[in-house]
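I have set them out as numbered points, to be read beside the structure.

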Amino acid sequence: MAGDGLFPLTDEHESIRQAARNFAQKEIAPVAAEFDETGEFPSKTIKKMGELGFMGIEVPEEYGGAGMDTLAYVLALEEICKVDAAHGTIMSVNNSLFCNGIMKFGTEAQKQKYVVPVASGAAIGAYSLTEPMSGSDAGTMRSRAVRQGDEYMINGRKSWVTSAPVAKYVVLFTMTDPEKKHRGISAFLIDADKPGFVRGKKEPKLGIRASATSEILFEDYHCPLENRLGEEGEGFKIAMAVLDAGRIGIAAQALGIAEASYDASLSYAREREAFGTKIGEFQGISFQIADMKTRIEASRLLVYNAALAKERAKKTGERFTMEAAMAKLFASETAMFAAHTAVQIHGGIGYSKELPVERYFRDAKITEIYEGTSEIQRLVISRMELGLR
Ligand SMILES: Cc1cc2nc3c(=O)[nH]c(=O)nc-3n(C[C@H](O)[C@H](O)[C@H](O)COP(=O)(O)OP(=O)(O)OC[C@H]3O[C@@H](n4cnc5c(N)ncnc54)[C@H](O)[C@@H]3O)c2cc1C
């Protein structure tokens with residue numbers, strides 16, 4: 001057993017953590033601020049991450065992945081996000097939202113065609129559920145797939161699709177039977193280079209700026225029947241199951257951001273002086289350090305516990321919705337708290353682009369919003385506890 005903190009790790013887990021840490025510090029740290037500033041997609045570093053197996057960590061080796069477990073995925077993602085959350089966003093969508101869903105619900109042919117290139121990092125995958133008028137309430141989506149013989153004709157506008165400006169393939173959720181609301185949603189595998197797939201406006205974002213996000217327009221896109229993922233009407237079930245896994249990734253991302261904020265704060269509190277003493281000696285600062293540390297270690301336990309629950313579910317088929325929602329809720333609020341506190345501890349320099357602390361602050365916010373807002377996590381947890389539908 002190895003590892004630090006409250007959670008013992010096996011040597012194998014420790015080694016993936018070290019590999020991700022070394023890569024992030026050597027390759028991502030020198031370019032993170034520049035990509036944040038320009039908002040450009042970091043193709044070179046993402047390609048290298050693919051070569052190291054980080055773009056399909058849990059995908060079996062025969063499908064192009066690294067063949068490791070969920071805890072390995074979480075540990076690697078945490079380390080990448082500790083240095084740059086934008087690289088982490090791209091990595092998490094590839095792993096949990098794209099590959100994981102197809103591995104769970106796809107046919108053999110779909111796995112061969114879509115998972116192999118994305119898990120190996122040769123292509124980028126995206127996941128498209130949200131629309132301009134439909135976010136938390138997916139049952140109100142307006143895009144349509146109409147069955148015409150052995151294909152579907154797809155039309156509509158999807159919004160906020162992470163990696164859409166660069167993705168080769170997209171898992172799309174759209175309505176096949178609007179009267180059934182969320183039970184009328186179906187999932188499809190989309191090739192971005194086919195006619196009728198139009199990349200829309202790129203979103204200018206507060207944080208995770210190097211992760212490209214845009215709309216996608218479907219204009220008479222012809223989708224063959226064999227590209228439907230699961231049965232007609234199963235799309236919502238697939239989307240939610242995939243999000244359960246995705247939320248563990250976002251929780252790991254939040255943990256990474258919180259740790260980076262904490263490490264910066266600790267060093268600064270030890271060296272910065274005011275009124276003739278180190279600022280860490282003021283109780284107002286030292287108690288903030290204590291609160292950050294405690295919340296981070298509590299987040300770590302929830303995140304790693306959710307990863308272990310997902311791993312067990314591979315054998316038992318049980319859901320891990322609750323574990324994932326609690327981990328995402330607590331870790332994302334911890335990231336926001338830690339990043340906010342880190343800026344405050346740094347005073348004026350915390351507000352400057354000369355240090356990465358202001359980037360952690362901007363990046364932390366997204367973890368409370370995407371893959372289900374904090375309100376939606378509270379809804380999921382409370383409904384399960386109260387036995388409500
Ligand atoms: C940078 C970024 C990347 C994204 N990437 C993707 C992606 O790759 N794929 C994708 O499909 N989507 C993506 N999204 C969309 C994201 O998942 C949604 O923005 C999110 O789910 C919230 O939906 P919404 O924006 O429509 O807000 P709304 O659903 O309109 O919510 C607005 C507010 O109302 C609250 N609210 C809504 N319903 C309830 C309720 N029942 N109880 C209490 N409060 C409620 C929400 O919590 C929120 O505070 C991304 C978003 C961003 C910002």
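1. A salt bridge is taken here as a side-chain nitrogen of Lys or Arg within 4 Å of a carboxyl oxygen of Asp or Glu. With that rule, glutamate 273 and lysine 278 form a salt bridge in which the closest N and O atoms are 2.9 Å apart. Glutamate 273 is partly exposed at 48% relative accessibility, and lysine 278 is partly exposed at 30%, where buried means under 20% relative accessible area, exposed means over 50% and partly exposed lies in between (1.4 Å probe, protein chains only).

2. On the basis of the numbers, this is a predicted model, in which local features need pLDDT of at least 70 and side-chain atom pairs count only at pLDDT 80 or more, while totals for chains, interfaces and linings use all residues. Residues are numbered from 1 along each chain as its sequence is written, and side-chain values use heavy atoms, with hydrogens and water left out.

3. The salt bridges come to 28 by this rule. One of them joins glutamate 27 to lysine 48, with 2.8 Å between the closest N and O atoms; because glutamate 27 belongs to helix H1 (residues 11–28) and lysine 48 to helix H3 (residues 43–51), the pair ties together parts that are 21 residues apart in sequence. Helices (H or I, at least four residues) and strands (E, at least two) are DSSP runs, numbered from the N terminus. Lysine 48 itself is partly exposed, at 36% relative accessibility.

4. A further salt bridge links the side chains of glutamate 234 and lysine 237 at 3.5 Å, N to O. Here glutamate 234 is partly exposed with a relative accessible area of 23%, and lysine 237 is also partly exposed, at 45%.

5. Which residues come closest to the ligand? Of the 18 residues that surround it, the closest are Thr130, Ser136, Trp160, Thr373 and Glu375, a residue being counted as near if one of its heavy atoms lies within 4 Å. The shell around the ligand divides into 9 nonpolar, 6 polar and 3 charged residues; Ala, Val, Leu, Ile, Met, Phe, Trp, Tyr, Cys and Pro count as nonpolar, Asp, Glu, Lys and Arg as charged, and the others, Gly among them, as polar.

6. A polar side-chain atom of serine 136 is 2.6 Å from an oxygen atom of the ligand, and a side-chain N or O atom of threonine 373 is 2.7 Å from a ligand oxygen. The protein covers 65% of the 970 Å² of accessible area that the ligand has on its own (Shrake-Rupley method, 1.4 Å probe). Strand E1 (125–128), strand E3 (151–162) and helix H11 (374–386) each give two or more residues to the shell, and E3 gives the most, with 3 residues.

7. Arginine 362 sits in helix H10 (residues 357–364) and is buried, with a relative accessible area of 12%. The side chain of arginine 362 makes a polar contact of 2.7 Å with the side chain of aspartate 36, a polar contact being a pair of N or O atoms within 3.5 Å; within protein, one must be able to donate a hydrogen and the other to accept it, and residues adjacent in sequence count only if both atoms are side-chain atoms.
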